[in-house]
Amino acid sequence: MTLRVEHDIFVVRQRGREVAAAAGLEHQDQVRVATALSEVARDLLRTVGGADVTFIIVHDPAGGGRHLRVDLAPVRPLPDGHYEPQSGAVARLVDMLGVVTEEGDTVVRMSRRVPATAAALTPERLAELHTELGRNAPGSAIDELAAQNAQLIAALDEVRSQRDELAVLNEELAETNRGVMALYNQLTEELEETNRGVVALYAELDEKSAQLRAASESKSRFLANVSHELRAPVTAIMGLGRLLGDSASDPLTAEQARQVGLIRSSASDLLTLVNELLDLAKAESGRLEPTWAEVDLRPLFGQLRGTLRALPTRPDVELVVEEPPAPATLRSDEVLLAQVLRNLLHNGLKFTERGEVRLRAERRGDRWLLAVSDTGPGIPPEQHDRIFEEFYQVPGATRVGGTGLGLPYARRLATLLGGTLELSSEPGRGSTFTVSLPTGGA
């Protein structure tokens, strides 16, 4: 097409709309292309006296789609080789609008993407469209103005419909916002109420904790005082028993000797209980402070081996103290550590009827694992936690004398040394108590 006079602007607009429809663009895009084309045509007619207009269907190999392209070749050079639409909104009506120079020719080019749902344009179909467009007589300015008015009325109707839909959506959104705010306020009130309950619960817990601390301190003071008060008379009873049984004293009858032996044995058991109560009270009150030093496990294990082998045990039970792997050093309190291991070994010897009680050490990373295992009756899983409670003893046929304080005291000492004391046991398969300690101390 040629654009030379004012009337050609209407013809170009009409043809642009017809070509856009033939190419498969939707109605709104047809109006956009026609409007953009008429604005650019008016600008070029005013500035350079007109242009030659060409409509082209372009296949995009990269994107896989099609575009309707319109090239307007000015009849005179563009000022400064540049084109800027009189209306800034024109560029938003199409996908691309700008000046392009190809093979020495400069054109003003615009394009709009053809929907993927549009029918394919075969060469035969293009020829039919070309012929059909050629037969259509261009309309007059009045006809094009009427078409524009119809398009404007349709656009206004669509805008009005969209405005009504937007008003409904706004009302629904406002209703939703009111519901959200009501829910938010309800949740806020519930959260505040919950917070008040949590604060009250924490206050009650703090009060209970203070009461428990006070009760624990009172118990520790009571145990310490009672232990101190009982130690003197018990020691005196043991001393009197030794005097009565001494060969330098008046001879006793067999029955008297037996009764004095019972008195001394009972007093010895009572003194053991008193000492354990006193140790437990010290551990609970925090008066035990470890004396940190480098401890070599080899002499410590040797001392335990010699001390415990002197104790009376069953003939079918063997005490085995393995040599620790070198270097066998850690930072700890030797006295407290020896007390923990002695308690565990003594327990194993006391409850094992046949087999062995074994002490071994193993280094794992930055920790030492000191395990005391026995071939005794074992402990049911449900009793694993209870045996570390004070005064508790596992019921069974092999129950022997004891206070039930040795294991709780051993666990407290292990914790004081920065470690743990754990139990692994099954009925009929023996027990293993493992003390895990850091190599560098607590």
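**Entry 1: loops and backbone**

Is aspartate 80 buried or exposed? I began here, keeping in mind that this is a predicted model. Aspartate 80 counts as exposed, because its relative accessibility is 82% and the cut-off for exposed is over 50%. I found aspartate 80 in the loop between β3 (66-74) and β4 (96-102).

Glutamate 103 lies in the loop between β4 and β5 (105-114). With a relative accessibility of 84%, glutamate 103 counts as exposed.

Which peptide bond is cis, with omega near -5 degrees? I traced that bond from alanine 326 to proline 327. Proline 327 sits in the loop between β7 (317-321) and β8 (329-332).

**Entry 2: helix pairs**

Next I turned to how the helices pack. Two packed helices are described by the angle between their axes and by the distance between those axes, so I noted both for each pair.

I took α1 and helix α2 (residues 27-48) to start with. Their axes come within 8 Å and cross at roughly 155 degrees. That makes α1 roughly antiparallel to α2, because angles over 145 count that way. The crossing of this pair, α1 and α2, is right-handed.

In handedness, α6 passes α7 in a right-handed crossing.

How far apart are the axes of α7 and helix α8 (residues 406-416)? The answer is 9 Å, with a packing angle of about 150 degrees. This angle makes α7 roughly antiparallel to α8. Here I noted a left-handed crossing as α7 passes α8.

**Entry 3: the second largest pocket**

Rolling a probe the size of a water molecule over the atoms shows where empty space is left. I looked up the second largest pocket, and about 380 Å³ of space lies in it. Its lining has 17 residues, and the closest to the pocket centre are Val19, Phe55, Leu129, His130 and Leu133.

Which elements each supply at least two residues of this lining? I listed α1 (6-23), β2 (51-59) and α3 (123-135). Sorting the lining by class, I got 13 nonpolar residues, three polar and one charged.

**Entry 4: a closer look at three residues**

I picked leucine 133 from the residues closest to the pocket centre. Leucine 133 is found in helix α3. Its relative accessible area is 19%, so leucine 133 is buried; the cut-off for buried is under 20%.

Phenylalanine 55 was another of the residues closest to the pocket centre. Its place is in strand β2. At 23% relative accessibility, phenylalanine 55 counts as partly exposed. I found its C-alpha atom separated by 9.1 Å from that of leucine 72, which is 17 residues apart from it along the chain.

Where is alanine 20 found? I located alanine 20 in helix α1. Its relative accessibility is 0%, and therefore alanine 20 counts as buried. Alanine 20 and valine 114 are 94 residues apart along the chain, yet their C-alpha atoms are separated by 8.8 Å.

**Entry 5: for my next reading**

I want to keep a few points in view. The cis bond runs from alanine 326 to proline 327. For the pocket, I will go back to α1, β2 and α3, where I can pick out leucine 133 in α3 and phenylalanine 55 in β2.

Definitions and conventions:
Residues numbered from 1 in each chain as written. Predicted model: local features only at pLDDT ≥ 70, side-chain atom pairs only at ≥ 80, totals over all residues. Heavy atoms only, no water. Helix = DSSP H or I, 4+ residues; strand = E, 2+ residues; numbered from the N terminus. Buried < 20%, exposed > 50% of the residue type's maximum accessible area, 1.4 Å probe, protein only. 1 Å grid on protein atoms, 1.4 Å probe; cavity = no way out; pocket = protein on both sides within 12 Å on 5 of 7 lines; lining within 4 Å. Points joined across faces, edges and corners; volume = space filled by probe spheres on them. Nonpolar A, V, L, I, M, F, W, Y, C, P; charged D, E, K, R; others polar. Left-handed = near helix turned anticlockwise from the far one by under 90°. Axes fitted to C-alpha atoms, helices over the stretch in contact; angles between N-to-C directions. Parallel < 35°, antiparallel > 145°, perpendicular 65-115°, else oblique.
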